[in-house]
Every structure is written in C-alpha cells, then in structure tokens.
Amino acid sequence: MVVTSLKLQDLIEEIRGAKTQAQEREVIQRECAHIRASFRDGDPAQRHRQLAKLLYVHMLGYPAHFGQMECLKLIASPRFTDKRVGYLGAMLLLDERHDAHLLITNSIKNDLSQGFHPVQGLALCTLSAMGSADMCRDLLPEVEKLLLEPSPYVRKKAILTAVHMIRKAPELSSVFLPPCTQLLQEHHHGILLTTMTLITELCERSPAALRHFRKVVPQLVQILRTLVTTGYSTEHSIAGVSDPFLQVQILRLLRILGRNHEESSEAMNDLLAQVATNTDTSRNAGSAILFETVLTIMDIHSAAGLRVLAVNILGRFLLNSDKNIRYVALTSLLRLVQSDHGAVQRHRPTVVECLQETDASLSRRALELSLALVNSSNVRAMMRELQAFLESCPPDLRADCASGILLAAERFAPSKRWHIDTILHVLTTAGTHVRDDAVANLIQLIGGARELHAYSVCRLYSALANDISQQPLVQVAAWCIGEYGDLLLEGNCEETEPLQVEEEEVLALLEKVLQSHLSLPATRAYALTALMKLSTRFRGDNNRIRQVVSIYGSCVDVELQQRAVEYNALFRKYDHMRAAILERMPLAERGDTQVEEEEEESNKAAQLSEAAAPVPTEPQASKLLDLLHLLDGSSGEAPCPPPQGPLPGGTLVHLLDLPCAPAPPAAIPDCKAFERDGVQLNLSFIRPPETPALLLITVTTTNSSGGDVTHFTCQAAVPKSLQLQLQAPSGDTVPAQSSLPITQLFRILNPNKAPLRLKLRLTYNHLGQSVQETFEVNNLPVETWQ
C-alpha cells in the first residue's frame, strides 16, 4: 500500500499527536523519504510545499541539510510563493560555514535591483541574516541605492542590512556616513529608529564616524525634544509616552556621542533635564526612558545638579512595585556609589529596606550596595542593620554578608571594643561562613588591645560555653583562654554580671572541644595548645592536663600527635623550662612581617650564593625560548640550598670590619608591572650589598576597585641562566578599596649579571569573572642586574 505525502498542516497534527518519541521519529522519517523523492522528481509545483515541511522538521531539531540546494532553486524561481519559501529556507539552512550560500549572491543582486518591494524585503532580510563579508562587499552598491528608496518598507530593511554589513566588514563604514546624514531629515519614525541603530553601530566601530556624528548632536537633541513635547499620537504613543523606542535609541546614541566630549555634553544637558522631569513613570515605557536618561547623565560631562537628579530618579525606582525596576535601580546605584557617594547616601534607608526582599537577586544587590555605603559616620547604624540581616539572610548570602561586615568593621571601627564585639557577633551567628583570615585578624586585634584582654576572654568563654559548633569562634576562644586564662578566673571583665569560673570548668570545656565530633583537626590543635598553656596559668594540679595530653600522643592525626609528644616531653624532661616556653605570645606587628622577611633573606643571601652551582651560559635564542615556554612546562623555581654554618670568629671579623664598611648602594626605583580594573601589581627591589648576585623582589598587589579580588595567585619564570625561588604570599584575597595588599617575595640569583627577563602569570577572581593574565615585565630597571 502506497502512503501519500502529507500536507504541512496534517504533518504538524500527526507529529503533535505522536505519543512517544519513537512514533515521532517514524512519522518524520517517512515524510522525509517522501520529500527526498519529490525533490528527485523535480516537480516545480510541489517544491515549495515540500521545502516548507522540511523547514518544520528542521525546527524540531532533525537533519534537513538535503534541502539546501532546493532553497537555491526556489530563490531563482520567478514566482513569489517560491521565493518566499526559498529565502526562508536559506535563512534557516545556510550560513557562512556552507559554501552553498555564495551561490545565491547573484539571485539576491537581481532581486534587489527589481522594483517589487516584497521581494526586495525578502532579499534584504536574507542578506542581513546570513550574509558573509564577501557577500556584503559584492552587494554594497545595491544596498546603498536602496537606502534612498522612496518606500519606507524597503528603506528600513536596507538600513538594518547596512548594520549587518558594517559588523561583517567594518571597512565599509565610510560608505554609509553621507546617507545617514540625509536619513536624519526623515519624519518617519521607523526610518529614524533604524537610522539611530545604524549611527550607533558606526560610532562604536569607527572613531572617524564618532567625530563626524558629533556635529549632528544639536539635530538629535531637536528630534528628541520634539518627541518629548509632542502630544498623544495613536500611531506612535505607548501608555501615553510618545514613541519610547525611538527616545531610548536617541538617548543611547547621545550617551556615546557625549562621552569624553565637553562640547557635546553641554549641548544635551538641558534636554536631559527636561526629559528627566517631564517623563511619566507610572508605566514601564516611561521608566525605560528615565533609566536611559540616568545612564546618559552619568556617562557624559554633566552638571553636578543633573547628576544628583539622576540619583534621585534611581531612588524613586527603589520604591517601585516592579521587582525588575528595583533591581535595575540597585545595580545602577552600585555603579555610582564611588563617584557620587553623597547623593547615593541620601537613599540609604530605602536601600536597607531592600535587604528584606524575598527575591534573592534583589537582596544580594541590596547587600552589596549597603556595604558600599558604610563609612565612619554611619558605621554603627549600618552594622546593626547588617547584623540583623545576617541572622535571617539565606544561606547563599551569609558568606558575602559576613565577609562584608568584617571588612567594613576593620576599616571604620570607632573603637577596639566595638570592633571585637562586632567580630564576635559575626562568628557567633555565621562562623562557618567567614573568610579564612577572620581567626588570625581577631587574634591580632585582641592581642593588641591590652586593656580588653579580660573583657575578650570572658566574652569568648561565654560564647564557647553556649555553642561549640562554630569552628572559627572555637579556635579564637581556645587561643584566648590559653593566653589569658588567669584573667578569666579573676572575673574582672567589666560585665554587668561578673563571671565566676573555676579551673575545672575551663578544663572541662576544652576537653569537650577536643572530644566533639564537630571539631576540626585545627580546632583540636588550638584546644590542646590552650590546655598546655593553662598548665602555667592555673595554680592547681596539672595531672588532668598531663593525662589529656598523653592521650593524644597516639592520635591518628599527625599534627595532633606531634604536638602531644612535644608537650609530654616538656612535662617529663624540660619541666623547669615550661613556664618560660609557654609564656604569653608577643604581639606580632602586621606591618613588620615583610621587613623581617627581607632582613632574613638578606642574612641568608651569602649562604645561597655559595651553595649555588655555576650555570653555563646559553645562546640568547635558547634563553628566550625557555622564558616564553617556562610557565607551560617545568617549574622555574630553584630549590632552596641548605644553610651553611657560620665561620669561626665570623662575628669578630664583622665587628672589626664595621668602620670600613662601604656606603650603601643607591635605591633601585620601583616599577608598576600590571594594572587592570583597579587591580595593580608593583615591584620593589633590594640587592643586598654583601651579595650583589642576589636580587630580592617584593611583589605588592593592591585593589582600588569596588569588588574583592579572591583566589589570587602569582607565578613567575626567568631564563635558565638565573635561579628563581618564590616565597609563600601573605594571602590570596585583596578586599575592595582596601589598604591591606598581598605581598610576595621573589629571590633571583644572577651570578653572571645577565639582563633580567621576568614573565608573570596572574590568576584571580574579580567582579564575578575569572581572570588569567600572562605577560612579560618590560620596564625592569637596569640596576636590577648591573
């Protein structure tokens, strides 16, 4: 039984009526066989019907490549019904990757040259959808003629085709400059809208076009003013706003023309103020125009009062019931908070209210903006609001909120006690979500506040007694109890109710931490060290502490086992030294770490140079090849040689030589190696006088942008004739607008005084993007190797 071919409507109904995927494939395979047979028979009357069915099959995701040549035959047909389906098939089945698309160039040229407007429209649509750069160059004269065609229908399509041609072949931009100037004289809104799109594309791709169209800014201003002052028009008005699509496109073009150009900005300031004050915001159309107006005001050289007006418009957007408008307002205010901080600060109460939004995107944007609004004058009020939000915020926002509170408290803390209370509240509420450096920062803060030692240890003991699940809190509390446990027993903690604690209670709490399954190995190490220190702080018997320490001498965790064995040795062999060894830790100054490292490196420089074996020189081409491929292959770090023992009488020799010591060498100038989006990397150099072959490079990474830099790593490579050793960096996070940079020390041994070549690879996350930069530092001072 021969099954006849289906009509398009019947095919659609049968495919939709298939109950399984297998039935659908069976229907499509059967019909595709009929379509192939019809194409082989070459029936001209049925060709466009069969191709229409094939296009529907293609839209469902099934292969339809065998219909490409049929598209070309239909396009060459004189019948309009054939051309319509043929051009549609070409747009769907052909693209630049298929050589067959070049075969329709002559057909499109012929159709563009005839005067039948529907066919010209089809040809223009096809060219703008799949035309390659070669096709655009070949068909440029025909499209240029159609730009001045009397029919608005054809002119609109020709203008949009010109946009596609510029994107494919930017060198054609100059051809469209004169027609665009004439098209601005049109009164047809559709032609004006497409012309604005074409001019915008030209200005973004060609500096010459940008200079050319800055001369027509007064004309654009007049067109927009006419739209703003025009009354209601049934043809172009939407929700009472006169042609909002054209207004938005003109505002975008004005933003491009006024950027970094004082004269053009001055010409549009009055108009922008008029649009901002006269546009109705009760409908989305008016809100869209106002938002584009705000973006234009912020991008050009606008007056201060106009910028304040723009911020106030965004503030009104925050009160809108539409969530999309509120999100746009929060995002825009976050961009403006650095340049117009005072104006944005006036809307702080409204921004804080947005923290309670149920939509996760809105609450995240409100959190980012709230953190950016914190300063020294409002830090107490803002911290109360942010801490309240931290207690109820969604889990995916807790880490960002906790980190933001800690950074803001570090920058704007009015007092150390307030700072400590704030961090403790964050650790108690969301301790598992804080940054890795929160524990070290709080220990540093407590250690530096001598007058708050008693207060801090009492607060931390109370918090630890209530909850031992927050690991960062437990670690800080264990450290503080170990250091200042004697102050805890005294009870002088300046609380309304003095805390009375016995030694046995403190020891029992630390044992509870050690035995808890919630405790991490690092937390147990803190607790074990705290118990050991309490053996010198408490006056009671130390047998309980010795028993606990001895238990962990056989722990499966190597770190805990080593600590316990060493502490047992202190009890058994060196008990007379235990009090001196376990005395309170001296305060480590955060700013002196880098200097101490450099001094230590300078002292070991001579030993390093003596241990380094001489390296034979290599041809320059080989050095360059090694430098370019070092990061992709083996590591360029040289192993650190073992330290050499000091020579006998070395100290006396140095003392006798002091009066004859040479003058210190001249300082080597610093250099900036990298800068992108506020992230800057600077290099400073030191060459120890006693070891001229050694160069110490301190790499300092700063961040002046509005977003944190996280997971920062810096790798380096030098030619094989040099030896490179990388020290561990001070961290991997640079907070936004922070004065706490990341520092890392490079040691380069250059015994042959070869010209220094240094290649760096930076990897980090910034502003929601993963960044990787590989570059060679070309501005190294000659003093680094001569």
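Two strands pair if DSSP finds at least two bridges between them. Helices (H or I, at least four residues) and strands (E, at least two) are DSSP runs, numbered from the N terminus.

This is a predicted model, in which local features need pLDDT of at least 70, side-chain atom pairs count only at pLDDT 80 or more, and totals for chains, interfaces and linings use all residues. Residues are numbered from 1 along each chain as its sequence is written, and side-chain values use heavy atoms, with hydrogens and water left out.

Strands in the order 6-9-10 form an open sheet of 3 strands, with antiparallel pairing. Strand 6 (709-717) and strand 10 are the edges. Each has a single partner strand, so one side of each is left without a neighbour in the sheet. From one strand to the next, the twist averages 10°.

| Strand pair | Sense | Bridges |
|---|---|---|
| Strand 6 and strand 9 | antiparallel | 7 bridges |
| Strand 9 (residues 758-766) and strand 10 (residues 769-777) | antiparallel | 9 bridges |

Cys-714 stands opposite Leu-762 in strand 9. Leu-758 has Val-777 of strand 10 as its bridge partner. Strands 9 and 10 form a hairpin, with 2 residues between them. In the turn, Leu-767 has a positive phi of about 55°. In a regular strand, side chains alternate between the two faces of the sheet.

**Helix 26 against helix 28**

Helix 26 (residues 438-448) packs on helix 28 (residues 471-490) at an angle of about 30°, and their axes are 10 Å apart. That makes the two helices roughly parallel (angles under 35 degrees). Axes are lines fitted to C-alpha atoms, for helices over the stretch in contact, and angles run from 0 to 180 degrees between N-to-C directions.

The crossing of helix 26 with helix 28 is right-handed (the near helix is turned clockwise from the far one by less than a right angle). Helix 26 contributes Val-439, Leu-442, Ile-443, Ile-446 and Gly-447 to the contact (heavy atoms within 4.5 Å). Helix 28 contributes Pro-472, Gln-475, Val-476, Trp-479, Cys-480 and Tyr-484. By class, this contact has 9 nonpolar, 2 polar and no charged residues. Ala, Val, Leu, Ile, Met, Phe, Trp, Tyr, Cys and Pro count as nonpolar, Asp, Glu, Lys and Arg as charged, and the others, Gly among them, as polar.

**Val-474**

Val-474 is found in helix 28. Is Val-474 buried or exposed? Val-474 is buried, with a relative accessible area of 1% (buried means under 20%, with a 1.4 Å probe and protein chains only). Not counting residues up to four places away in sequence, Val-474 touches Leu-464, Asp-467, Ile-468, Val-513 and Thr-523. Val-474 and Leu-510 lie 36 residues apart in sequence and 9.6 Å apart in space, C-alpha to C-alpha.

Methods
Parallel < 35°, antiparallel > 145°, perpendicular 65-115°, else oblique. Buried < 20%, exposed > 50% of the residue type's maximum accessible area, 1.4 Å probe, protein only.
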